[in-house]
Amino acid sequence: MPVGVSHYLAVSAVIFAVGVAGVLLRRNILVVLMSIELMLNAANLAFVTFSRASGAVGGQIVVLFVMTVAAAEVAVGLAIVLIAFRARETTDVDEMNVMKW
Amino acid sequence: MLEHAWLILALPLAGVAGNIFLGGRLGRRFVSALSCGVVGLSFVVSVACFLELLAMQPAQRHFERHIFTWFLSGSFKVEGTLLLDPLSVLMTLVVSGVAFLIHVYSTGYMAGDSGYRRYFTYLNLFTFSMLTLVLGGNFLVLYVGWEAVGLCSYLLIGFWFQKKPAADAGRKAFIVNRIGDFGFALGILLIFRTFGTLEFGEVFSGAERLFPSGSTLITGIALLLFAGATGKSAQIPLYTWLPDAMEGPTPVSALIHAATMVTAGVYMVARCSALFVLSPLALAVVAIVGLATAVYAASIGLVQNDLKRVLAYSTISQLGYMFLACGVGAFAVGIFHLMTHAFFKALLFLVAGAVIHALAGEQDITKMGGLRSKLPVSYWSFLIAALAIAGVFPFAGFFSKDEILWETLLRRGPLVWALGAVGALMTAFYMFRLLFLVFHGTARHEGHVHAPPFSIKLPLVCLAVLSAVGGLVGAPLLFGRHFVKEFLSPVFRHVNGHVAAGTHEAGAGHFVVSELSMAVVSVSIAVLGIVLAYRFYVISPDVPQRLKERFARLYSILFNKYYVDEIYDTLFVRPLVSFATALWRHVDALIIDGAVNGSAFLVETASKVSRRLQTGGVQNYALSIVVGAIAILAFWLLR
Amino acid sequence: MTALLFFVCSLVAIASAALVVSRKNPVHSVLFLIVCLLSVALLFLLLGAQFIAALQVIVYAGAIVVLFVFVLMLLNVKKETVTLHSSTVQKLGAVILVIVLLMEALFVAVMGVGWLSKEAWIAASGISFGTVQSIGRELFTRYLFQFEVASVLLLVAIVGAIAITKKR
């Protein structure tokens with residue numbers, strides 16, 4: 001059975017869905033951040049697949065930028081987690097809900 | 001100098017600005033100097049303009065200074081134009097001259113008042129507004145000045161707004177004036193609709209060209225304009241605000257409510273003489289209202305005991321004479337009386353102010369008396385002014401009032417003249433009643449009499465001189481020429497043809513009397529009034545008391561001013577107030593507030609429900625992001 | 001051979017992703033994240049993107065995951081007693097939405113949309129753009145501006161992270 005675009009995209013879709021599930025369901029903010037990384041990775045996989053399918057290098061360049069954004073996001077995100085933990089002694093997303101009405 | 005006529009307006013306005021922005025920091029001395037200085041300079045410029053106009057040929061004495069285009073919308077065009085012709089220049093002279101003297105007087109009179117700067121700011125603003133009114137080259141500029149003087153009048157009547165009567169009087173003046181102003185505004189709108197322009201020259205020439213004498217449209221316009229004049233110039237039925245306006249500082253009463261602002265109506269009627277002469281009906285209304293007011297107000301003045309109120313009724317009465325003159329077509333004479341009246345009425349008020357000042361606020365004439373020796377300058381000034389207003393030869397009022405009565409006799413017949421003469425008799429009587437009660441007899445007051453400062457005496461003397469000799473500029477029997485009439489004749493050149501035609505057979509035809517003999521008659525009337533007053537109040541002071549008891553009912557009617565205030569109160573004020581209260585209670589509080597509060601309640605409730613969406617939980621938000629993502633994807637797939 | 005490698009890598013990636021999300025202990029999650037990232041890197045290699053695969057290992061596994069581990073150790077978080085979100089609505093909604101999203105994404109993957117037909121595939125022998133050279137040329141010519149912006153973004157992130165965590 002030849003492996004084609006569909007296979008790679010399917011894998012990407014599954015990993016992305018798992019990431020979404022993690023973001024929506026898990027209470028530990030660190031795991032939520034990891035799930036976001038999973039989603040970004042799934043997107044990267046899709047980009048590289050498109051690049052391969054179309055024969056253009058642009059997709060891989062975008063992956064480079066996505067990684068940059070991911071790195072920045074993790075740095076700032078983890079910094080916020082740190083101070084949030086310092087202030088409230090918790091990593092539970094459910095308890096970080098003071099910014100409301 | 002005519003090119004720089006705008007200075008006449010700019011100077012007082014600069015005074016206003018200076019008082020507002022610098023007056024607080026630089027102190028009272030600066031305020032006095034600035035306020036008096038700008039008005040004085042304005043007077044100087046007016047004199048220069050007057051002289052320049054005088055040097056021209058009579059037919060060319062008409063100068064328009066275009067300053068800016070105010071409105072330009074399609075065919076609707078209004079210019080900001082100053083009009084300098086004999087009428088407006090004469091008015092400018094009177095206004096700025098009297099205003100200057102009263103500014104000087106005020107520096108003495110208001111010296112101890114905490115609102116000194118505010119007072120002079122208002123006074124300068126008033127001078128500016130009044131000059132705008134008389135110099136305006138079209139109806140809209142006139143209207144601006146008209147409303148602005150009304151505002152200043154309101155501000156100055158209520159100057160001591162801590163006192164409830166003063167605040168009430170200010171409101172009353174404003175509201176009553178508004179009624180007249182409404183008619184005036186309608187008149188202006190009707191003029192625009194009819195002629196398509198508001199410029200004086202175009203309107204007047206258009207009226208003469210397009211409309212026959214007695215046209216309904218012109219009558220309507222003239223009557224609406226006159227409605228405005230009755231409000232501003234305190235004529236029946238809108239005069240009630242003026243006596244109450246005496247709550248303001250006395251120099252204000254002198255300047256605004258005697259010498260200048262209240263004559264704006266006369267000025268306006270004279271300015272629009274081209275319209276009025278086309279409508280015999282409107283002229284008749286003007287004459288009747290003027291005559292009725294003259295006699296009516298004089299009769300009230302006979303018995304009042306408040307010094308300033310007597311003068312206020314006297315003002316109303318004299319304004320009535322001016323309208324009578326206009327109504328019989330003698331516009332120039334009306335303006336002449338306006339001028340002389342400005343001198344002697346301002347003087348009377350200023351003396352009243354000096355007396356009140358000297359007696360520390362006492363205004364009741366029954367509590368004065370015997371001030372002749374203590375306040376000699378005031379006494380002699382008052383005497384001159386009283387002789388002038390009574391119409392004794394050769395004081396200013398004699399020439400103008402005698403001429404009004406003469407013109408009346410000539411054009412409207414002896415009955416109207418007789419009524420006017422009765423008014424003149426009463427005028428002489430109540431003025432000398434004042435004089436005797438205040439200055440003669442025994443002192444009925446207690447306490448020290450303050451001597452007036454120089455700044456108060458100086459204007460008194462100036463105005464006394466003017467009251468004494470100011471009438472000579474219109475004394476044809478002495479000089480063979482009537483200077484005022486000649487000077488004003490270019491403005492009123494269209495009048496004679498119209499008025500003379502209809503009225504001559506009524507007057508001169510049947511009663512062949514010479515002007516000289518009528519002058520003798522009117523002086524005799526004045527002297528009769530003076531003698532009566534002397535008899536009543538000096539020789540046998542118990543006569544008034546007996547008369548009062550004998551004619552108790554008549555007395556109480558006069559004393560209570562014919563109950564007009566009460567009648568107005570029942571007929572208009574109370575129904576309006578209860579109607580407004582009903583509107584407030586039911587319409588405003590229930591319906592309008594209900595709608596406002598209801599919508600606010602609705603929004604609040606909706607917000608209270610929808611703010612639950614803001615849970616603060618990040619994952620709830622993420623959920624909605626996913627919903628959006630799914631929706632977008634679905635949209636692309638199903639497209 | 002390639003197919004076999006693909007299936008193995010895919011299965012490992014999916015399974016470890018599922019484990020990242022489902023493990024109670026965040027330390028385990030991080031470890032499974034590394035596994036997942038490495039297997040995705042292998043998938044990149046299979047797709048002919050050598051440079052990206054290398055970056056994946058260096059940046060993700062080397063830097064980002066290390067950062068996670070670092071913070072985990074720093075916070076010394078106790079094992080969670082409850083892992084799932086407290087709200088039933090949230091849980092139910094999340095499950096439904098994830099399923100719908102997965103269906104849609106798989107539909108796109110299998111059926112193809114627009115230009116992306118499932119037959120579109122360049123022969124592996126013909127590709128030359130996954131090398132450092134080809135990417136570098138593109139990056140420093142056509143995408144130069146974006147590249148610079150990305151570097152500024154990183155700088156801002158560094159400054160931001162320091163500023164946020166600084167003790168006052």
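Reader: How much area do chain C and chain B bury between them?
Author: This is a predicted model, where local features need pLDDT of at least 70, side-chain atom pairs count only at pLDDT 80 or more, and totals for chains, interfaces and linings use all residues. Residues are numbered from 1 along each chain as written, chains are lettered from A in the order written, and side-chain values use heavy atoms, leaving out hydrogens and water. Buried area here is the accessible area (1.4 Å probe) that two parts lose on being put together, summed over both. For chain C and chain B, with 75% of it on carbon and sulfur atoms, that comes to about 910 Å².

Reader: How many residue pairs are in polar contact between chain C and chain B?
Author: A polar contact is a pair of N or O atoms within 3.5 Å; within protein, one must be able to donate a hydrogen and the other to accept it, and residues adjacent in sequence count only if both atoms are side-chain atoms. With both residues at pLDDT 80 or more, the count of pairs in polar contact between chain C and chain B is two.

Reader: And chain C against chain A, how much do they bury between them?
Author: Here 80 residues of chain C are in contact with 70 residues of chain A. Carbon and sulfur atoms carry 80% of the area buried between chain C and chain A, which is about 6900 Å².

Reader: Which helix of chain C gives the largest share of the side that touches chain A?
Author: Between chain C and chain A there are eight residue pairs in polar contact, both at pLDDT 80 or more. Helices (H or I, at least four residues) are DSSP runs, numbered from the N terminus. Those of chain C that each supply at least two residues to this side include helix 1 (2-22) and helix 6 (144-165). The largest share, 12 residues, comes from helix 3.

Reader: Is Thr127(B) buried or exposed?
Author: Thr127(B) sits in helix 4 (residues 116-135) of chain B, and its side chain reaches the backbone oxygen of Leu123(B) at 2.8 Å. Buried means under 20% relative accessible area, exposed over 50%, partly exposed in between (1.4 Å probe, protein chains only). Because its relative accessibility is 1%, Thr127(B) counts as buried.

Terms used:
Contact = heavy atoms within 4.5 Å.
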